[in-house]
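Reader: Could you walk me through the labels used for this model? I'd like to see each value set beside its cut-off.

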Amino acid sequence: MRFDESLFKAKAGDMEAKTEIFVKYRPLLIKYSMVNRRFDEDLYQELAVELMKCIRYFKDAE
């Protein structure tokens with residue numbers, strides 16, 4: 001499925017689409033959750049919440 005299709009489905013509440021997006025961005029979330037070469041679980045959780053908020057509040061530019 002194309003990313004924009006997944007995004008619109010996730011915004012509509014499709015858990016499978018949300019999971020697909022989350023899995024796609026998980027490596028990036030992990031990368032930015034590293035503090036002094038140590039994984040910060042709280043930071044990871046906050047970033048995951050922000051990703052879900054971005055999906056919820058996404059507005060199409062068209």
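Author: Gladly! Let's begin with contact, which means heavy atoms within 4.5 Å. Helices are DSSP runs (H or I, at least four residues), and strands (E, at least two) are too, numbered from the N terminus. What covers the buried residues of helix 1 includes helix 2 and helix 3 (41–57). This is a predicted model, where local features need pLDDT of at least 70, side-chain atom pairs count only at pLDDT 80 or more, and totals for chains, interfaces and linings use all residues. Residues are numbered from 1 along each chain as its sequence is written, and side-chain values use heavy atoms, leaving out hydrogens and water.

Reader: What makes phenylalanine 3 and tyrosine 25 an edge-to-face pair?

Author: Rings of Phe, Tyr and Trp (its six-membered ring) pair if their centres lie within 6.5 Å; planes under 30 degrees apart are stacked, over 60 edge-to-face, the rest tilted. Here the values are 6.1 Å centre to centre and 65° between the planes, hence edge-to-face. The pair joins helix 1 (residues 3–11) to helix 2 (residues 15–31), 22 residues apart.

Reader: Why is the pair of phenylalanine 39 and tyrosine 44 called tilted?

Author: Their centres are 5.5 Å apart and their planes at 50°, so the pair is tilted.

Reader: Why does tyrosine 44 count as buried?

Author: Buried means under 20% relative accessible area, exposed over 50%, partly exposed in between (1.4 Å probe, protein chains only). Tyrosine 44 has 14%, so it counts as buried. Phenylalanine 39, at 42%, is partly exposed.
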